[in-house]
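Please look through the structure below slowly, and keep the sequence beside you as you read.

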Amino acid sequence: MCWNFTMWGVMRMRFEDFINEEKRGRKLPDVILEREMRETGVPIELLRREMVKLLNVMLEESTKQYGKRQRTLSEMAGENGYLMANHRAKMLSEFSHTATTVALSLAESNAAMGRVVACPTGGACGIVPAVLYALKVHMNASMDELLNAFIVAGGLGWVIEKNATISGAEGGCQAEIGTAAAMASALLVYYFTHQGERCAHGAAIALKSMLGLVCDPVGGFVEVPCVKRNGIAVNIAISSAEMALAGIESVIPFDEVVEAMYRVGRSLPESLRETGMGGIATTPTARKIVMEMKKHKKFKW
Ligand code: SF4
C-alpha cells in the first residue's frame, strides 16, 4: 500500500509522538504496542506473543544458518556467510564480525528459499536478526531485553512504512536496507539506554547514510548486491548506534529524514526501483551473467 503525504492529515504517525509519551513516564515498548492495539484491535498480550515468536525464529535461524554454505537460486551468492565466519577479523570487533556473518548468512538463506522473517522485507532480512544475535552472544542479553528492543525497532519500522515506504520497488534500496539499518540502530540504542530520543538519533544517522541507495538486483534475483548490502548495512547500524551512544545527535530529526527518504525514493527513475534495468544490474558483467543463465535455460524469463 502506498501512503502519500496528502493523506498525512488523517493518518500521520511520528516516532516523536512515541518519544513524547515516553517523556511522560511510560515505557517505549508499551507505548508502541498500545498504539498498535488501537490501530489493529489485536490485544497487547497477543501482539507481544507474536513478537516473541518472530524473535525466536530470528535467533533460531541465526544459529542454524551461521556461516553455512547455501545453494542460492541463481548461485551468484551462497559462500559469503561461510567465508566471513571462517575469517579472523582484522578490523571489526567480535560483535561486528558476528553480526556481519549473521547478516550475510540469513540474506543467503533467503536467496536459497530458507526460513526468514521479513524485516522489513525478505531482501533486508539479515540486519535486525544480526544485531539481536550479537547482543545475545556477546552481551548475554536476556530474552526480555531483546524483546523490548525488538518492539522499539518494530515501532520505528512501522513509522517508516506508514509515512514513507519499505518497498524497493517504490523507494529504492534505501527503503528496504535503509529501513532495516535504522531499525537495527534503534534496537541497539534502546538495548543500551532505554531512551527513545537517543534511538531516534541512531536511526536517523543510519537512514541518512543510506539515502539515495538504488534497487538494482542483477537478473532480478535478490542476491547481488542484496546479500552483501545486508553485511554492510548492519555495520552502518552498529556505527550509527555507537555514535548515538556517544551523545552524537542527528541535526535533522528522524521523522524528517523519513520524509526526505520518501521524496528521494519517488524521484528515482523506474530503472533504479527493482526492475533490474539500471545500476549494477546493467553493467557488462551483470549482462554477461544473465546471458549465460538464459543460454543454459536455467530459468524461464
Ligand atoms: S537491491 Fe533491491 S532487491 Fe536487493 S535488497 Fe535492495 S531493495 Fe531489495
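The paragraphs that follow go from the core to the ligand and then to some loops.

This is a predicted model, in which local features need pLDDT of at least 70 and side-chain atom pairs count only at pLDDT 80 or more, while totals for chains, interfaces and linings use all residues. Residues are numbered from 1 along each chain as its sequence is written.

We begin with the core. The largest nonpolar core has 90 residues, and those with the most contacts inside it are Val-131, Ala-181, Ala-184, Leu-187 and Ala-237. Such a core is a set of buried Ala, Val, Leu, Ile, Met, Phe, Trp, Tyr and Cys residues joined through C-beta atoms within 7 Å, where buried means that 20 or more other C-beta atoms lie within 10 Å of a residue's own, exposed means 12 or fewer, and partly exposed lies in between, with C-beta atoms placed from the backbone. Helix 10 gives the most to this core, with 14 residues; helices here are DSSP runs (H or I, at least four residues), as strands are (E, at least two), numbered from the N terminus. In soluble globular proteins, nonpolar side chains tend to be buried together.

We turn next to the ligand. It is surrounded by 14 residues, of which the closest are Gly-123, Gly-168, Cys-173, Cys-215 and Cys-226; a residue is near a molecule if its C-beta atom, placed from the backbone, lies within 6 Å of it. Helix 10 (173-193) and helix 12 (226-245) each supply at least two residues of this shell, and helix 10 gives the most, with three residues.

Met-76 lies in the loop between helix 4 (44-65) and helix 5 (80-85), and it counts as partly exposed because 19 other C-beta atoms lie within 10 Å. Leaving aside neighbours within four places in sequence, Met-76 is in contact (C-beta atoms, placed from the backbone, within 7 Å) with Val-218, Phe-221, Glu-223, Val-224 and Ile-289. Val-224 is also joined to Pro-225 by a cis peptide bond, with omega about 15 degrees, and another cis bond joins Cys-119 and Pro-120, with omega about 0 degrees. Met-113, in the loop between helix 6 and helix 7, has a positive phi near 65 degrees. Most residues other than glycine have a negative phi, and most peptide bonds are trans.

Note on methods
Contact = placed C-beta atoms within 7 Å.
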